[in-house]
Amino acid sequence: MKQGKVPTLVASVMAAGLLLGIAVWPAFSQTTDTSDGEVSIDGILSVVHVDEVDPARSRYEYFVEDVKTKVMTQLFFKLPPKALLRTGDKVRVKGRRLHNALNVTDFAVGDSTDTSGSTSANGTVAAAATPHHAIVMVVNMTGAPYDGTTPPYDATVVSQAAALMFGSSYSVNTVYNESSFSQMNFPGSVDNVVLVSVPYDNTCAYYTISNNADTAAQLAGVNLSQYQHRVYLVPPAKISGCSWLALGQIGNYGSTAVYRSWSTRNDALAYAHELGHNLGWHHAATDPNNDGTFDVEYGDTSDLMGYCCSKRKINSVHSDQIGWFNSGTLASRAVIVTAPGVYVLSPLGSDPLTTVNPQILKITPPDNSRTYYLSYRRPIGLDAAIPSKYTTGVNIHRGRKTDRWSYEIAVLNSGTQSTFNDSLNGISIQQLTSDATQVTIDIGFGACVKR
């Protein structure tokens, strides 16, 4: 399917939506009206993270697709769900309907429809499938008030999107391939990018936009079943009404299910961030107080799941959570520290086949709170533009193998900030020396530290 042969088609309008829940329940039924005037829906959950231009407005949105009628309904909760919900969960939801939305009063979660990716009780993540095939649908809106300052997307935009997704410099393909030590990639070319048209609607009904784009692509001869990821470049806010930067469905580590992501920016980091949500990650946060609550949700800019816009790769916690250090040579590069002493770390971005040093050190506190992750970042490879604050020495993060978040605690150097102490857990970390190839640290344990 060559670029010049892809016709621009208008898709028929389709409904949008998906789902959510918590607890265990029996077999599916159908949508029913209960005796107290509430509606009960059995369906499939979709969890979408909306990354706003203003990070303070970023949020999760939840949809349920009724298993019988296939009707999509957006869900609203009085309090945010605390469970680790993901797209594909089977749920039973009860609430009061308002137009196409449901104010939730009760919900329960069953098994997931996606059994391709999972995390075992000991925290071992299923190997992330490689390659991941993605299609980008560049969306125009028929009848929209395009003008000279906001023209429709064209073949030039298609070529740009192909380079940002699949090109040889900093692209989705190269950053995931390098970050995963060649365990994951997103191969493709301009053939994986199609230009489609959907009916004009400036309400930013993003599921409707994507459904219409799918229809248009299929009418153009695209076989969508060969793609695990569907990426939609939608028109800017002036046309589409979409004021956000980008958004993506929350997926599952190791999954081979189909996930969607949307962007208003033709930008490699935006695409890579939303695909990171598809792969299972939430955000790279900061917690300088080390109190277990993040201060800034996107504050860790050593990781592409943090703020825009410097080009960089993945931090130690997210690299471990997705399973890139699970086996082979890499398993010996993520070391659990069981004794005090002096340790040497090689940069996280260095070739694990050419270094004898660990690239990640993990320390489990005695209270079983989040594990400490120690790593060393240098401006090498696709980390060349990583902010300099992360290249002075030991990066200290916290996280859980079975979680989706990472928390930056501190970055040490060999001068003014050479030490870190967790007096509650009896853990001390001191940076002794550093150079372009390694950092040397002294780790001390109190009597109560687990070994």
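1. Helix H5 is mostly covered in this predicted model: 12 of its 12 residues are buried, where buried means under 20% relative accessible area with a 1.4 Å probe, protein chains only. Among them are His-273, Glu-274, His-277 and Asn-278. These buried residues pack against strand E2 (39-51), helix H1 (155-166), H2, and strands E9 (229-233), E10 (246-249) and E11 (259-263); contact here is heavy atoms within 4.5 Å.

2. A word on conventions: residues are numbered from 1 along each chain, and side-chain values use heavy atoms, without hydrogens or water. Local features need pLDDT of at least 70 and side-chain atom pairs pLDDT 80 or more, while totals for chains, interfaces and linings use all residues.

3. Do look at H2 (residues 172-179) against H5 (residues 268-279): the two pack at about 55°, with axes 9 Å apart. On the H2 side, Val-172, Val-175 and Tyr-176 make the contact, and H5 brings residues including Tyr-271, Leu-275 and Gly-276. The contact residues divide into eight nonpolar, one polar and no charged.

4. Helix H3 (residues 206-219) has 14 residues that should span 20 Å at 1.5 Å a residue, and its end C-alpha atoms are 20 Å apart, which agrees. With 12 of the 14 residues buried, H3 is largely enclosed by the rest of the structure; Asn-211, Asn-212 and Asp-214 are among the buried ones.

5. Just after H3, kindly note Gly-221, which takes a positive phi of about 95°.

Key: Helices (H or I, at least four residues) and strands (E, at least two) are DSSP runs, numbered from the N terminus. The expected span of a helix is 1.5 Å times one less than its number of residues. Buried means under 20% relative accessible area, exposed over 50%, partly exposed in between (1.4 Å probe, protein chains only). Axes are lines fitted to C-alpha atoms, for helices over the stretch in contact, and angles run from 0 to 180 degrees between N-to-C directions. Ala, Val, Leu, Ile, Met, Phe, Trp, Tyr, Cys and Pro count as nonpolar, Asp, Glu, Lys and Arg as charged, and the others, Gly among them, as polar.
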